[in-house]
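Please have the structure open as you read.

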Amino acid sequence: MDQNSSVLQVTLQISQEQPASEEPKSLVRRLWFKLLLVLFVSSLIGTVIGLGCYSHWKTNQAPVPCLSPACLRVAERFSAVMDPFSRPCDYFLFTCGAETTTLSRGRQRGKVFSHNVTTGQDRRRWTGKGGGGGGIDRESETKSEGDETPERIPDRHTALLQTIKEILESPVRGVTVNSAKEKAQRFYNSCIDSKTAESGNSERFLTLIQQLGGWAVSGRWTRPNFNSTLALLMAQYNTFPFFNVYVGSDQRQGRTNKSARFIQIDQPDFPFPIDWNSNAKRSIINPKSLRPFLLSCRQLLALLDVPSTQITPHCGQYVSLCSTLVIATSPLPYRLSQKLLYHRITIQELQLLAPAIDWLYCLQAIFHPLPISQSDFVLLHNLPYIKYLSQTISIWKRNIEMKASDPFHTYMLLTLLQTVIPALDSRFTQIMKNFSIASDRREEDVPHWRHCVLQTTKGFDTLLSHVIKEHYGNEEAEELVQDIYSTFKTKVANLSWRDEETQHFVLNKVKSLTPRLSINTEVLDPLTLNECYAEVNMNEKDYFSNYLQLLVLQQRRMSRIFSHTAQNDVLYMSPFLLGNDIIFPVGLFVSPLFHSSYPRAINYGILGSLMAKDLFHLLLPDILSQSDSSGLESECVWSYYVNGWASEGISGTPALSQSQQQEVWVQYSALQVALQAYHKSLQRRSPDTSVSGFSHIHLFLSSFIQASCGSEPYRAFMPFEPSFLVTVLCRNSDLCPKPLICEVKSQGQLPEGC
């Protein structure tokens with residue numbers, strides 16, 4: 001027992017000594033574990049802080065500057081005057097300055113007045129309004145020179161014409177002699193050279209008259225065939241004395257094939273103002289213009305050495321025939337109300353209704369060599385006028401007193417004179433300018449370079465369209481088109497609609513369209529372009545001959561459209577619909593509105609916002625009657641303006657008209673769409689460059705302000721400067737580089753976020 005107890009005692013002693021010896025080791029291990037944990041947490045925190053600092057540094061560091069020539073030029077336009085973040089209180093009083101001059105339209109041969117269906121197509125080409133594609137150029141022009149300061153960007157049309165001017169004045173290198181581009185430059189140079197343009201061209205016109213058989217006013221003439229002369233003037237000289245002919249689709253509702261092309265016949269243009277008597281349902285020559293118009297006729301004939309004894313009777317007959325024909329014309333709204341537009345009829349049926357015109361013969365001459373048959377359909381836009389025209393021709397031809405003078409032949413040649421006046425000397429243009437002044441019409445002096453560029457585009461549109469697309473229709477332009485339209489669709493989808501039927505219709509319409517850059521999908525090679533102008537021979541010393549060839553080129557363009565050959569959109573100024581496509585004309589993507597080397601902030605801020613506005617106007621023209629959210633958002637923006645920074649003395653919130661309310665929503669939505677599209681671009685491809693040291697958002701918003709100061713067709717409906725929308729945007733988002741707040745201007749409780 002003693003021995004056993006000794007063993008047990010030793011065993012117990014050993015078991016008690018073991019924990020005592022292991023306790024320090026466990027404590028050390030715990031201390032090391034805690035130390036490692038502290039180090040790990042510290043390093044993790046340090047890493048997070050480091051990443052945050054790095055991210056903050058990357059976000060706030062000066063962006064990489066763009067140093068391309070295009071960027072250096074556009075940087076001059078960004079100044080503190082246009083910067084809302086440098087002096088916000090001054091910015092709230094900011095205005096874009098003097099308005100640019102109003103848009104004017106008219107042929108270069110002199111101001112013309114018409115109520116034609118082509119009017120809407122002209123406005124789409126020149127002022128940017130939406131509409132269906134396919135309309136031909138009815139030789140309209142605009143003027144938007146204004147008070148150009150370094151801060152203002154030119155309007156779309158001026159920017160495009162300046163780009164074409166640079167193309168026409170650039171040296172021709174690496175091309176064959178007599179190339180298409182060289183011919184276009186020769187025509188342009190002959191137009192620019194005013195001395196060349198005034199060297200005896202009145203005699204050239206008299207020679208042209210003799211080639212057409214002469215005329216009765218000179219006493220030396222051979223009585224020509226009426227329909228032969230009419231067909232020749234329309235086919236070879238782009239002159240339409242009694243009716244207009246062009247090509248386009250049938251825009252009536254219910255027509256499924258909107259891409260089909262039809263010959264369309266409309267009432268003519270007249271070189272004098274027309275008054276519409278709504279009670280009598282008839283048109284007349286503006287009484288105040290009648291005497292000046294007769295005087296201008298006499299002066300023109302005197303310049304052509306017509307004997308004084310012949311001037312008065314022939315001008316009297318000319319004015320009398322004009323007054324007779326204009327009676328049956330009517331303005332577009334009236335014809336819309338009477339459903340006179342797009343009246344489909346065969347050529348054979350038209351011949352029975354208006355037999356005085358040989359319709360098949362004339363149309364075959366215009367569209368030669370395309371086949372035209374009696375069974376082909378045409379679209380009439382004023383059948384009562386066409387029937388009245390035929391009756392008038394028959395009645396006047398039976399008049400024995402008029403047979404000797406043939407007033408219809410004189411009428412056609414005087415219309416031809418109006419067509420070629422741009423190629424005659426300044427005495428002729430001065431007569432027409434004096435007539436405009438006497439008629440109380442506002443005529444604007446178009447710079448000579450602008451006039452010559454416009455003339456060149458009428459005949460060389462195929463060449464210029466492909467040159468512009470080759471230089472500007474690049475990957476950056478395609479990316480902008482896709483981003484803007486994609487974001488536009490998202491905006492439309494998120495609207496609150498008044499009924500499901502409208503929502504379904506609009507969303508399907510928007511989703512079914514495919515955005516495309518330009519109509520033409522291929523770039524013609526130089527050899528093919530040269531073949532298009534192989535028969536043209538331009539001489540820099542003979543502007544009159546060049547101009548006559550230009551008229552032929554214009555007529556060929558109409559035949560190309562009718563034959564479904566890809567048309568050119570070089571002078572289209574805004575997106576338009578063509579079948580299931582929405583076309584963004586390549587002429588939009590020119591500097592300073594867009595450049596492939598610009599920071600994307602500029603491209604999206606300027607052209608992106610303009611494109612978004614065009615889309616809203618084109619595809620959602622009745623948005624206020626379809627969506628509640630659009631009206632609420634518009635009212636929020638307006639209340640923000642009135643309550644926050646309107647001038648003193650305004651109490652309450654003045655009501656906006658429906659047009660103003662819609663335009664406020666369109667402009668604000670366009671800003672949102674363009675900004676979201678820009679963010680999408682940054683997420684896909686970052687970083688972006690900059691100019692003037694601006695941050696990306698700063699540069700985008702400043703670019704939008706630049707675009708807002710341009711001459712846009714709907715700007716007249718804005719109750720405040722569109723640039724104020726930046727204030728609203730910055731108030732309701734954290735995207736602005738710094739707060740845009742001016743407490744001095746705040747006069748009331750500001751509304752919640754819009």
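## A link across the chain

Cysteine 191 and cysteine 452 are joined by a disulfide, with an S to S distance of 2.2 Å. The pair links distant parts of the chain: cysteine 191 sits in helix α6 (residues 180–192) and cysteine 452 in helix α19 (residues 448–459), 261 residues apart. Please keep in mind that this is a predicted model.

The link of cysteine 191 and cysteine 452 is left-handed, with -80° about the S-S bond. Cysteine 191 has a relative accessible area of 2%, so it counts as buried. Cysteine 452 is buried too, at 0% relative accessibility.

## The other disulfides

The count of disulfides comes to three. One of them joins cysteine 297 to cysteine 315, with the sulfur atoms 2.2 Å apart. Cysteine 297 lies in helix α10 (residues 287–303) and cysteine 315 in helix α11 (residues 308–326), so the pair ties together parts 18 residues apart in sequence. This link is left-handed, at -90° about the S-S bond, and both cysteine 297 and cysteine 315 are buried.

Cysteine 66 and cysteine 71 form another disulfide, S to S 2.0 Å. Their link is right-handed, with 75° about the S-S bond, and cysteine 66 and cysteine 71 are both buried.

## Helix α5

Now for the helix. Ten of the 14 residues of α5 are buried, among them His157, Leu160 and Ile164. At the start of α5, a side-chain oxygen of aspartate 155 comes to within 3.0 Å of the backbone nitrogen of histidine 157.

Methods: Residues numbered from 1 in each chain as written. Predicted model: local features only at pLDDT ≥ 70, side-chain atom pairs only at ≥ 80, totals over all residues. Heavy atoms only, no water. Buried < 20%, exposed > 50% of the residue type's maximum accessible area, 1.4 Å probe, protein only. Helix = DSSP H or I, 4+ residues; strand = E, 2+ residues; numbered from the N terminus. Polar contact = N/O pair within 3.5 Å; in protein donor to acceptor, adjacent residues only side chain to side chain. Disulfide = S-S within 2.5 Å.
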